[in-house]
Amino acid sequence: VVAPMDMYSAVDGTPSDFHLVHLGTRALGGAGLIITEMVCVAPEARISLGCAGMYTPAHVAAWQRIVEFVHAESLAKICLQLGHSGSKGSTQLPWDGGELEPESEGWEVMGPSAVRYAPALGVPRPMDRHDMDRVRDQFVAATRLGLEAGFDMLELHCAHGYLLSSFITSLSNQRHDEYGGTLENRLRYPIELFGAMRAVWPAERPMSVRISATDWVSGGVTDEDSLQIAQAFMTAGADIIHV
């Protein structure tokens with residue numbers, strides 16, 4: 001399996017010939033399954049201006065071209081990984097001065113609580129129910145577009161401190177409503193979002209969830225937490241947990 005690799009080479013969210021060659025080469029090399037980089041569900045869901053998206057007809061057409069090449073020229077399957085940058089968004093390209101510098105064409109970032117991911121990043125606006133509904137619907141819309149593009153599998157990104165990961169860990173989720181506090185509560189929104197995606201993704205096509213086994217910080221996600229997180233997603237209909 002070829003794991004996701006952010007390439008920061010899309011233009012307005014649209015993958016290019018670079019992505020066709022990058023992913024097509026992996027397929028020709030004999031991989032059984034190829035997972036795309038984190039494909040963002042809205043412009044403001046991107047990490048940077050170079051991140052790939054799945055929210056316009058142009059995105060669907062570009063991804064469909066890649067999927068059709070993989071299917072036509074190899075036995076490989078290809079998985080669409082969908083995600084949202086959350087508080088790690090609105091950054092420079094890595095080679096243009098560092099990932100953590102505010103983008104000159106940046107946007108407001110959101111998260112479960114007003115806790116910045118790193119000192120050089122902006123403080124996220126705490127999400128209200130309207131925000132949560134809107135982001136959930138963006139993921140569902142992107143799921144439908146992924147199906148239209150012909151992907152064999154779907155993965156939900158809940159790792160690495162991005163939006164859904166930031167709900168799961170108490171390091172960034174300091175809410176006092178039903179979406180904060182216990183691990184069960186912190187999982188509530190990611191599970192709700194996953195369930196909405198699973199409802200429109202065909203039952204015969206697998207879905208996976210990428211999680212962080214640890215936050216590498218004292219007070220963050222533990223081994224025991226990871227088992228509970230994995231079990232919660234499996235109960236919700238995940239076929240694979242990508243750790």
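Strands β6 and β7 (residues 240–242) pair in the parallel sense, over three bridges. Pairing requires that DSSP finds at least two bridges between two strands.

The model is predicted: local features need pLDDT of at least 70, side-chain atom pairs count only at pLDDT 80 or more, and totals for chains, interfaces and linings use all residues. Residues are numbered from 1 along each chain as its sequence is written, and side-chain values use heavy atoms, with hydrogens and water left out.

Strand β6 also pairs with strand β5 (residues 153–158). That pairing is parallel and runs over five bridges. Here Leu154 stands opposite Met207 of β6. Together with helix α6 (residues 223–235), β6 and β7 make a right-handed β-α-β unit. Right-handed means that, with the strands pointing away from the viewer, the path from the first strand over the helix to the second runs clockwise.

Strand β6 (residues 207–211) is largely enclosed by the rest of the structure, because five of its five residues are buried. Buried denotes under 20% relative accessible area, exposed over 50% and partly exposed in between, with a 1.4 Å probe and protein chains only. In a regular strand the side chains alternate between the two faces of the sheet. Both faces of β6 are covered. Met207, Val209 and Ile211 are buried on one side, and Ser208 and Arg210 on the other.

Helix α3 covers residues 129–149. Its 21 residues should span 30 Å at 1.5 Å a residue, and the end C-alpha atoms are 30 Å apart, which agrees. The expected span is 1.5 Å times one less than the number of residues. Buried residues of α3 include Asp131, Met132, Val135, Phe139 and Ala142. The N-terminal end of α3 is capped by Asp128, with a side-chain oxygen 3.1 Å from the backbone nitrogen of His130. After α3 comes Gly150, with a positive phi near 95 degrees.

Cys51 is in no disulfide; its nearest cysteine sulfur, that of Cys40, is 5.0 Å away. Cys51 is buried, at a relative accessible area of 2%. Cys79 is likewise in no disulfide, and the nearest cysteine sulfur, that of Cys158, is 13 Å away. Cys79 counts as buried at 0% relative accessibility.

Five aromatic pairs are present. Rings of Phe, Tyr and Trp (its six-membered ring) pair if their centres lie within 6.5 Å; planes under 30 degrees apart count as stacked, over 60 as edge-to-face and the rest as tilted. Phe167 and Tyr189 form a tilted pair, 4.9 Å centre to centre with 45 degrees between the planes. Phe167 lies in helix α4 (residues 163–168) and Tyr189 in helix α5 (residues 183–200), so this pair ties together parts that are 22 residues apart in sequence. Phe167 is buried at 0% relative accessibility. Tyr189 is buried, with a relative accessible area of 0%. The rings of Tyr179 and Tyr189 are edge-to-face, because their planes stand at 85 degrees, with centres 6.4 Å apart. Tyr179 lies in the loop between α4 and α5, so its pair with Tyr189 of α5 ties together parts 10 residues apart in sequence. Tyr179 counts as buried at 7% relative accessibility. Phe167, Tyr179 and Tyr189 form one aromatic cluster.

Key
Helices (H or I, at least four residues) and strands (E, at least two) are DSSP runs, numbered from the N terminus. A polar contact is a pair of N or O atoms within 3.5 Å; within protein, one must be able to donate a hydrogen and the other to accept it, and residues adjacent in sequence count only if both atoms are side-chain atoms. A disulfide is a pair of cysteine sulfur atoms within 2.5 Å.
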